[in-house]
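Please keep the sequence and the 3D view at hand while reading.

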Amino acid sequence: MPPPGTESHLAAFRRLAVKQGLLLGTLNGGRREDFVVALAAAAHAFNDDRDYDEAAVNATLKAWLAGPGSMFATDHVELRRWLVDVGLLERDGYGRRYRRTVPQGDWAAAIAALQGLDLAAEAARARAAEDARRVERKARWTARPATAMTDDEWMGEALALARTAQARGEVPVGAIVICDGALVGRGGNAPIAASDPTAHAEIGALREAGRALGNYRLPGCTLYVTLEPCAMCAGAIMHARLGRLVFGARDPKTGACGSVVDLFADPRLNHHTTVTADVRAAECGGLLSAFFAARRAGGAAR
């Protein structure tokens, strides 16, 4: 019979295994179980009945990061430091000898739950299952009937999301992502509600589209947004390799499509999204102007 908590800890490891670019410091400030399971899994790379010199520790951690731990954006030196700091590895005063410890508390539960499991195989299975889910999601979206709509009509969808954001007390900006005639991503401004400075409408739409299509690259897709993107969102659009951007109102304070800077025209950048500006600009701009006028009249602090 598996130790108590095995399924929970194994599920956490599988959930982590399909991620990319995870930072241990970020995990430490987030869900405790994920942080504990991540380091417990790394500690399992070491036998508990032998000593290791520094070279052997480094080689062991490099191999672990290349296999079951490949979801982490870290190196063996940082990982070794974390294992020592939380007490899963102990070393002598000169850092020449290391040994896996007998942990206590939640560390002990995680170590016991993962004991005897082939974590490399578990990670491979989790990643294969996630790949299959992505293929299935993309197939579902691809199978949807295409909708022949003009830029003006698609911008109307983005405007509806902007009005929804306004009703929540957010600056009224909305965005959608279109792929092969199908709407695959929606986003409305949400920094206030999410307490997240990155929660712009474009970011929300890109994230939803990535999940729907099973890919962080969105070539061939078009993003419609009611306000000219800022530098942050322009960077995200380029990283997503979007084929086309359509925006409504210009932003003379932070616009990164020509109003303040034009990142999409910079020849030093390796991807250049095609930009169409001023689609239903008066309507998009009027929504923003009315929103800020109302806030000024009401003496809003934000």
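## How α3 and α6 cross

Angles between axes under 35 degrees count as roughly parallel, those over 145 as roughly antiparallel, those from 65 to 115 as roughly perpendicular, and the rest as oblique. In this predicted model, helix α3, which spans residues 32-43, and helix α6, which spans residues 105-114, have axes that come within 9 Å and cross at roughly 55°. The two helices α3 and α6 are therefore oblique to each other, and the crossing in which α3 passes α6 is right-handed.

On the α3 side, the residues that meet α6 are R32, F35, V36, V37, L39, A40, A41 and A43, while the α6 side contributes D106, W107, A110, I111 and L114. Sorted by class, this contact of α3 with α6 holds 11 nonpolar residues and two charged ones, with no polar residue among them.

## How α4 and α5 cross

A second pair of helices is formed by α4, covering residues 54-66, and α5, covering residues 76-85, whose axes come within 9 Å and cross at roughly 105°. That angle makes α4 roughly perpendicular to α5. From α4, the contact draws on E54, V57, N58, L61, K62, W64 and L65, and from α5 it draws on H76, L79, R80 and L83. By class, the contact of α4 with α5 is made up of six nonpolar, two polar and three charged residues.

## The three-stranded sheet

Three strands, in the order β1-β3-β2, make up an open sheet in which the pairing is antiparallel. The strands at the edges are β1, at residues 52-53, and β2, at residues 89-91, and each of these pairs on one side only. Between β2 and strand β3, which covers residues 97-100, the antiparallel pairing runs over three bridges, and within it L89 has R100 of β3 as its bridge partner.

Where does D49 lie in relation to these elements? D49 is found in the loop between α3 and β1, and with a relative accessibility of 60% D49 counts as exposed. Although D49 and R99 are 50 residues apart along the chain, their C-alpha atoms are separated by 7.9 Å.

## Strand β6 and its two partners

## T222 within β6

Is T222 buried or exposed? T222 belongs to strand β6, which spans residues 221-227, and its relative accessible area is 12%, which means that T222 is buried, since the cut-off for a buried residue is under 20%.

The bridges described above can also be followed at this one residue. I178 stands opposite T222 of β6, and in β7 the bridge partner of T222 is R244.

Conventions:
Residues numbered from 1 in each chain as written. Predicted model: local features only at pLDDT ≥ 70, side-chain atom pairs only at ≥ 80, totals over all residues. Heavy atoms only, no water. Axes fitted to C-alpha atoms, helices over the stretch in contact; angles between N-to-C directions. Helix = DSSP H or I, 4+ residues; strand = E, 2+ residues; numbered from the N terminus. Left-handed = near helix turned anticlockwise from the far one by under 90°. Contact = heavy atoms within 4.5 Å. Nonpolar A, V, L, I, M, F, W, Y, C, P; charged D, E, K, R; others polar. Pairing = 2+ DSSP bridges. Buried < 20%, exposed > 50% of the residue type's maximum accessible area, 1.4 Å probe, protein only.
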